[in-house]
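Please find below a colleague's note on the two-chain model under review.

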Amino acid sequence: MEHSFSLPNSGHNYDAKASKLGMWLFLYTELLLFGGLFMVYMVYRALNPDAFLIASFNLNVWLGTINTVVLLTSSMTVAMSITAIQKGNSKLSLILLALTVAAAVIFLVIKYFEWGAKIEHGFWPGMDHFTNLPFGEQLYFYLYFFMTGLHGLHVVVGMVFILIVMKKIKNGSQNKNKNQLLENSGLYWHLVDLIWIYLFPLFYLIH
Amino acid sequence: MSNTKNNHMEDSYHITGYAEHFGTWVSLILLTFMTVFISVFGADLNTLTVATALFIASVKALVVAYYFMHLKYDPKIYRIMILIVMSMFVIFLIMLIFDYLTR
C-alpha cells in the first residue's frame, strides 16, 4: 500500500474502509425498506391466500426463471470484475462490467415485455379488467407492480453506477490500489440480486 | 494495534478467485432450478412449498452475501451489523404477526 499525506477535506483523501462501511449502512436501510414491503405482502397474502394463488397464474414462471439466472450471472460477473481489478487487470474488469450492464439491459427488456403483456391484458391498477378483479387479486397486482417496479428502479440505478465506474476505470481513477467505488457498486448490484431472490418465489412461484 | 493491522490485512488483501465466484454461481443456479422444480412439479404441498421456497431463497441470499458480497472475508463488524438489522426485521415481523393473530 502506498501512503501519502493529505489534508482532511482537501478532496484528495481516500478512505476505502469508511466508504465501504457507509455503503453497508445504506444497504441496511434498503433491506428494511424492502423488508417493510415484504411484511405488507405477507399480511395481504395471509388474508387472501386463494386470490394470490389465482393472480400469480398470470405471471410467466419461465420468464421469471430466466430473469433470475440473468441476475445471478450478472452478480458473478461484477464480483469477478472486482477480482480482475484487484489483480491489476483493468481490461478484463471492464469487459466483465460491460457483461454486467448487458445482463441488466436483458433483465429490463424481459421485464418490459412482462409488464407490457400485463398492461395489454388490463392488469394495471385502474384499468377496466383490473377493477373487475376480486379485491385480493387487485392487492396482488398492486404489490406486484410496486415491488417489481421499485426493484426495476434499483436495477437502473445499479446500471448507472456501473457505467460511471467503467468510465473511471477507463481514465484510470479506479485502479488496482483504489477501487472502492467499484466494490461499492458491486455491493449495490448484489443487493439488487438479493431482493430479486425473494421477489421471484413470492410472486412467480405460488402454487 | 496488532489487531487493527490484522483487520487491515484481511480487508485489503483478500482477493476472491475467479473459480470461487464461478462455484458460487453454479450453486446459486442449482438452488434456483431446485426451487422452480419444487414449485412447478411438486404442487400439492401447499404451505410447505411456501416454507421451502423461502428457505431456499434464504440459503441463496446467504450465499450471495457471504461469497459475492465478500462478508466471509470481511472484518466481523459487518456480520454483527447485518445480524442487528436482521434481528430488527424479525422483531418487526413478530410484532406484526401478533397484531394480526390477535385481531
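The numbered points that follow describe what may be read from the model.

1. The structure is a predicted model, and its confidence should be read before its details. The model scores ipTM 0.86 and pTM 0.89.

2. Confidence in chain B. The mean pLDDT of chain B is 83, and 81% of the residues of chain B reach 70 or more. Within chain B, helix α4 (residues 76-101) has the highest confidence, with a mean of 92, whereas helix α1 (residues 2-13) has the lowest, with a mean of 46. Over residues 1-11 of chain B the pLDDT is below 50; this stretch has 6 contacts in the model beyond near neighbours in sequence.

3. Contact between the chains. In the model, 32 residues of chain A are in contact with 36 residues of chain B. On the side of chain A that touches chain B, α1, α3 and α7 of chain A each supply at least two residues. The greatest contribution to that side comes from α3(A), with 12 residues. Sorted by class, the side of chain A that touches chain B holds 20 nonpolar, 9 polar and 3 charged residues.

4. The largest nonpolar core. This core has 60 residues, and both chains contribute to it. Two or more residues come from each of α1 (16-47), α2 (49-56), α3 (61-86), α4 (90-120), α6 (135-170) and α7 (180-204) of chain A, and likewise from α2 (18-41) and α3 (47-68) of chain B. The element that gives the most to the core is α7(A), with 15 residues. The members that touch the most other members are A:L191, A:V192, A:I195, A:W196, A:I197 and A:L199. As a general point, nonpolar side chains tend to be buried together in soluble globular proteins.

5. A:I197 is one of the core members that touch the most others. Neighbours within four places in sequence aside, A:I197 is in contact with B:A57, B:K60, B:A61 and B:V64.

6. B:T35. Is this residue of chain B, B:T35, buried or exposed? B:T35 counts as buried because it has 25 C-beta neighbours inside 10 Å, the cut-off for a buried residue being 20 or more. B:T35 lies in helix α2 of chain B. Leaving out residues up to four places away in sequence, B:T35 touches A:P201 and A:L205 in chain A, and B:A53 and B:I56 in chain B. B:T35 and B:T102 are 67 residues apart in sequence and, C-alpha to C-alpha, 33 Å apart in space.

Notes: Residues numbered from 1 in each chain as written. Chains lettered and ligands numbered in written order. Predicted model: local features only at pLDDT ≥ 70, side-chain atom pairs only at ≥ 80, totals over all residues. Core = buried A, V, L, I, M, F, W, Y, C linked by C-beta atoms within 7 Å. Buried ≥ 20, exposed ≤ 12 C-beta atoms within 10 Å, placed from the backbone. Helix = DSSP H or I, 4+ residues; strand = E, 2+ residues; numbered from the N terminus. Contact = placed C-beta atoms within 7 Å. pLDDT = per-residue confidence, 0-100. Nonpolar A, V, L, I, M, F, W, Y, C, P; charged D, E, K, R; others polar.
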